[in-house]
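Visitor: Could you walk me through how the helices pack in this one?
Guide: Gladly, and here it is to look at.
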Amino acid sequence: MHIHTLLAFIKFTRPVFLLGGVLLYALGVAIAATQGAIINLGQAALGQLMVSTIQLMTQCANEVFDVEADRLNTRGRTLFSGGSGVLPGGGITQRTALIAARACAVVAIALAAIVGWNNPLAGAIAALALAGGWFYSAPPLSLMSSGWGEISASLIVAMLVPMTGYVMQTNRLNPFVLLICLPLFFLHWAMLIAFELPDAEADRAIGKRTQTVRLGVRGSGLLHALLLASALASIVLLANAAAPYAMVMTWAIPLLFWQALLYRASIRAPAGARRLSLLTLGAVALFSLSTASMLAGIVFVLMERR
């Protein structure tokens, strides 16, 4: 494979996004440890491989099935929105991209089957994530255009990934995991709304009915503010419940307010590329740093117990 094609393929897969899945999966494993589970590193590694493969499949499929919007979005592309730009730019062919997405799906199904053999609960969660990840962008469901794509993606990423890490160690479900991850669910959903703003014009042109397109500028701004307010409320409530790993997240509150103001400024007037880049970068920073902070808080609790 030519070096330029290889580099284009790596860019196409957007591997940096896999780091978020690693953090969220580790969060679930760490929560299991706080409840007395003896961590099985082999199971942890197998589950992480499965999660990352499903995530890679989802990213590749999104590049393939969202190529028309990405082709139109010449001005609004940022590091985190508008796709990688590889397919519209001709770095690799759409056929190659589809083969990559399908290959990831086959490997993910095999890994889910292996996991499910010994841990049916984890296998069932993986099957749900597989279906949601593929049909987020692929027909006939194309959840990203249905108005349900954002909430389904946030449920999978912010809730099911940590739950997978937990279940791989405990072989049982625990609503407490979902409660702890509630702020992350709201922050992830808000992040997706921020990602959609630079893409809104192109999405509207091809009939891609994201929540931002459906709600319009004012409606999406209201939803974004509501999601950030919900994240803030859940952080405060968890902190007041004496959950030390939630208390660590309170540092993110100033960044949360900054993100709300930045989004508002972006929709009140035509936003330039720099402001849209700051908006999407801020959304990623808020979500990822909040996840990392919660994980660090749990690790600190575990270290104090020793």
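Visitor: What should I know before reading any values?
Guide: This is a predicted model, in which local features need pLDDT of at least 70 and side-chain atom pairs count only at pLDDT 80 or more, while totals for chains, interfaces and linings use all residues. Residues are numbered from 1 along each chain as its sequence is written, and side-chain values use heavy atoms, with hydrogens and water left out.

Visitor: OK, at what angle do α6 and α7 pack?
Guide: Helix α6 (residues 94–118) and helix α7 (residues 120–135) pack at about 160°, with their axes 7 Å apart; axes are lines fitted to C-alpha atoms, for helices over the stretch in contact, and angles run from 0 to 180 degrees between N-to-C directions. Helices here are DSSP runs of H or I with at least four residues, numbered from the N terminus.
The pair is therefore roughly antiparallel, given that angles over 145 degrees count as roughly antiparallel, under 35 as roughly parallel, 65 to 115 as roughly perpendicular and the rest as oblique.

Visitor: Which classes of residue make up the contact of α6 with α7?
Guide: Among the residues that meet are Ala 105, Ile 109 and Val 115 in α6 and Ala 126, Leu 130 and Trp 134 in α7, where contact means heavy atoms within 4.5 Å. By class there are 11 nonpolar, 3 polar and 1 charged residues; Ala, Val, Leu, Ile, Met, Phe, Trp, Tyr, Cys and Pro count as nonpolar, Asp, Glu, Lys and Arg as charged, and the others, Gly among them, as polar.

Visitor: And how do α2 and α3 pack?
Guide: Helix α2 (residues 18–34) packs with α3 at an angle of about 145°, their axes 10 Å apart. The contact of α2 with α3 divides into 6 nonpolar, 7 polar and no charged residues.

Visitor: What caps the N-terminal end of α3?
Guide: Asn 40 does, with a side-chain oxygen 3.0 Å from the backbone nitrogen of Gly 42. Helix α3 itself (residues 41–65) has 25 residues and reaches 36 Å from its first C-alpha to its last, close to the 36 Å expected at 1.5 Å a residue, the expected span being 1.5 Å times one less than the number of residues.

Visitor: Are α10 and α13 parallel or antiparallel?
Guide: Helix α10 (residues 182–206) and helix α13 (residues 253–268) pack at about 25°, with axes 12 Å apart, and they are therefore roughly parallel to each other. Leu 187, Ile 193, Ala 194 and Leu 197 of α10 make the contact with Leu 256, Gln 259, Tyr 263, Ser 266 and Ile 267 of α13.

Visitor: Switching topic, where is Pro 140?
Guide: Pro 140 is in the loop between α7 and α8 (149–170), and a cis peptide bond, with omega about 10°, joins Pro 139 and Pro 140. Ser 142 lies in the loop between α7 and α8 too, and has a positive phi of about 45° although it is not a glycine.

Notes. Helices (H or I, at least four residues) and strands (E, at least two) are DSSP runs, numbered from the N terminus. A polar contact is a pair of N or O atoms within 3.5 Å; within protein, one must be able to donate a hydrogen and the other to accept it, and residues adjacent in sequence count only if both atoms are side-chain atoms.
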